[in-house]
Amino acid sequence: MPHREDTRHTDHATGPRGLSDSRPTTADGRAHALHARARELAALEQVLDRDEPGVPLVEVRGDPWMGKSALLAALGERARERGWTVASAAAGSIPEGLPFGVFADALDELLAPLGNQTVSWLSPHHLSWLAGIFPALSWHAPAVALPANPCEHHHALHAVRSLLGHLGSRDRLLLILDDMHLADEASVLLLQHLLRHPAPRVVLALAHRPRQDQQSLRILLGEAAAAGRSARLELSPLPDEQLGALLPRPLLPARLRSLLHASQGRPGLLRALALSAPWADDVPAGPHSPADPAMSLLREFRGLSPLGRTVAHAAAVLQEPFDTALLAEAARAGEDETRAGVDELVRRDILRPGATRGTFRFRDPLVRRTAHDTAGVAWQLGAHARAATALRDRAACPARVAWHLGHGGLTARDGESIRILQEAARSVLWQRPDRAAGWLGATLDPRSDTGDPRQRLRLATALALSGDPAGSLALFDGTPAKGSVAHPDAELWRARVLRLLGRHGEAADLLEKTAANLTPDAHELRARTTAALLETCLEAGERPRPALVEDAVAVTEPDPALRALLLALRALASGSDAAAAGGRAELVQRAARLADGLGDEPALRALDTLYWVARAESALGRDTAALGRLERALDLALRHRLRYVVPQLAVAAGRILLARGDTAAAGLYADHARRAAERMGSGFQAEAAGRLRARTDRPGPPGTARATAGRDTAQAEPEPGTAGAPEPVPDDRPADSSTGLSRLSEREREISVLVSKGRTNQQIARALALSPKTVETYLARVFKKLTLCSRAQLAALVGMEGGLAG
């Protein structure tokens, strides 16, 4: 038996390959976030531990989603534990135009219980002005008024300072002011007064976003920090290993890497993205949270001018980064107007400069989504049409133009637009097959089977790649392939779709016919057809014909991905014969070297190669290498929406993790594979994922899952989705002797299993290297022993015994 690696690999930078059972839940996600900011919280607590505060202001600053609000909330809890009085408010939640709004909101609950005796020390004028600022005091004031001139303003500010000092005279007062970048001018003026004339036993703690500060606040806070009147804390991005622990549920390493990259070290953005498309479609939906991240983002758009709002909506329909000239076309505005709108959005930190001079992009994906969702649907259609026209005038690449034509800019079925969409679909077929399918679908009449057969076959391929095998097969079956249109690629993909749906017998028949019709000089297509036949046999749990394995040996194609695939398939299919011909290990090593040399672009077209090389490595006990290869393939598949191979890759990775004893991670991969298979409509692959999940729920002793690793992989390690293939983990349930199946010979049992899978006599003969007549003879014996009269009855008996597993 090959030596099997049992060292679990954990990559803290990109997420664990073997995931721990202990993951934060939604309820304790905040606690994990605060743990990640423990050093910053400890620095803030030092202010609370002093007998007399050394500075009147604690300033927490940083980009959006950095966790400023959570840090201030934790500071408030620590202050209450020490006996402080705490009041808090967020400027962004105050109605616009309300003077001193954030202070009034923060102190309202503290001032409401005050009686007449508590405010009797205030002069009538001061009490009237304070009642104008703080509605809770209006019951005690002779009149309610707001300061009307600079002199009254000055007196009112002194009155507020005196009031705060009174509130802090018994228990020290912590006044928390969040989102101060959204505060009104009067609140900023009051803050300035309190910094220059601190109230005794009162500490202000505020959070803000420096990029969005109004000029007066920026100057005020800068002067306070320079004069030593504030303790400034700048929140920096968190490292990936801390960010990953903040998610409420574990994710696949490939998905986690994508989220970490998009969040840019910001914990709030990471959690928000985890609940948003395109990431959330691969995790179970949790209960709806009232704290939808888009709700807080809407406040940032609330104060925009009509021009700024229009430019934001136009920017949301463009691909990033974009320039102001194209933005002006989409917004239907002059370029000078558009630049003014962009400047406003940059000041609000909704847009930021792009990497290329003169271009811009949104601050983060959720801001872009909010800008897009708040625009009218009809307006978006017009913006896309205008952008498409502008890009066509620039002679932009077809994919950029198609982005807008495919989103509604195709106002008329003109030949040039159709040509652009079809050319763009061809160029992005492997990078984004979902887009290619949408663009091609817009050019073809779905109610008719007419049209350019080449484009229909390309659409069928795009649908297969993007995870719609049923739609793909309908197009393949409904598209005639005659004369110059005939292309073996279409037959190979049709066979691939049949395999995705579990119809391996039909796929094998189609590939056999394709191979028979190839011309002698079609070397590459013959090699690919041979590889597809080997894949079909291995997925179906059938031993390939020796002649087919020898065909794989004879291939000398220069394509490294194809050579690596054939080497891996030969190593898996030939069993012990490979050892006599130079060794399976040598074949796998050669395949691995070729696969390692594939860059991301060629690897996109060779995800099957990465999968089969990983399986061959795993069969030799090289689990770490196999798991890394599967993760790379899964990363590429998820990033580019190549959904057709996701269940297969996830199940293979889950099996390796289960063999190494990591049932939690194996279950995660199994659940992901099942959801992906169900979205594809492939019950065949969903069943394979379900079997893996069942094995994680009843794991055997360590090493049990791989006890058969040294045997022929076609038998010991069935392919994800293999219907009725024996499970690698032995089933210790006693056989049901009442069915009579225990009386069958080994060969009769093999044939019975294949009959239960729906195989014809010819397909069974090909799988077992027998003649059809011999298969008929075996079946006659089976029917006689079991007293049966039909293949359906035999299939039912096999199903009752679990496919003769064990």
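In which loop is the place of Pro321? Select Pro321: its place is in the loop between α14 and β8. Helices (H or I, at least four residues) and strands (E, at least two) are DSSP runs, numbered from the N terminus. The model is a predicted one, in which local features need pLDDT of at least 70 and side-chain atom pairs count only at pLDDT 80 or more, while totals for chains, interfaces and linings use all residues. Residues are numbered from 1 along each chain as its sequence is written, and side-chain values use heavy atoms, with hydrogens and water left out.

**Around Pro321**

Display the backbone from Glu320 to Pro321; the peptide bond there is cis, with omega near -10 degrees. In general, most peptide bonds are trans.

Next, select helix α14 (residues 306–317) and helix α15 (residues 324–331), which pack at an angle of about 105 degrees with their axes 9 Å apart. Axes are lines fitted to C-alpha atoms, for helices over the stretch in contact, and angles run from 0 to 180 degrees between N-to-C directions. The angle makes α14 roughly perpendicular to α15; angles under 35 degrees count as roughly parallel, over 145 as roughly antiparallel, 65 to 115 as roughly perpendicular and the rest as oblique. Thr310, Val311, Ala314 and Ala315 of α14 meet Leu327, Ala330 and Ala331 of α15, where contact means heavy atoms within 4.5 Å.

Then select strand β8 (residues 322–323) and strand β10 (residues 359–362), an antiparallel pair with two bridges. Two strands pair if DSSP finds at least two bridges between them. Asp323 has Thr359 in β10 as its bridge partner. The hairpin of β9 and β10 has five residues between the strands, and Gly358 takes a positive phi near 90 degrees in it.

**The parallel sheet**

Move to the open sheet of five strands, whose order is β4-β5-β6-β3-β7 with parallel pairing. Its edge strands, β4 (85–90) and β7 (230–234), each pair on one side only. From one strand to the next, the twist averages 15 degrees. Colour strand β3 (residues 57–61): five bridges link β3 to β7 in the parallel sense, and Arg61 stands opposite Glu234 in β7.

Now show helix α3 (residues 68–81), which lies across β3, β4, β5 (173–178), β6 (202–208) and β7 and runs at about 170 degrees to β5. In the loop between β3 and α3, select Trp65. Its phi is near 70 degrees, a positive value in a residue other than glycine. Trp65 counts as buried at 17% relative accessibility; buried means under 20% relative accessible area, exposed over 50%, partly exposed in between (1.4 Å probe, protein chains only).

**Two further helical sites**

Select helix α6 (residues 124–133) and helix α7 (residues 150–167), whose axes come within 9 Å and cross at roughly 80 degrees. This makes α6 roughly perpendicular to α7.

Finally, select helix α28 (residues 560–573). Its 14 residues reach 20 Å from the first C-alpha to the last, close to the 20 Å expected at 1.5 Å a residue. Of these 14 residues, 12 are buried, including Leu562 and Arg570. Asp559 caps the N-terminal end of α28, with a side-chain oxygen 3.2 Å from the backbone nitrogen of Ala561.

How values were computed
The expected span of a helix is 1.5 Å times one less than its number of residues. A polar contact is a pair of N or O atoms within 3.5 Å; within protein, one must be able to donate a hydrogen and the other to accept it, and residues adjacent in sequence count only if both atoms are side-chain atoms.
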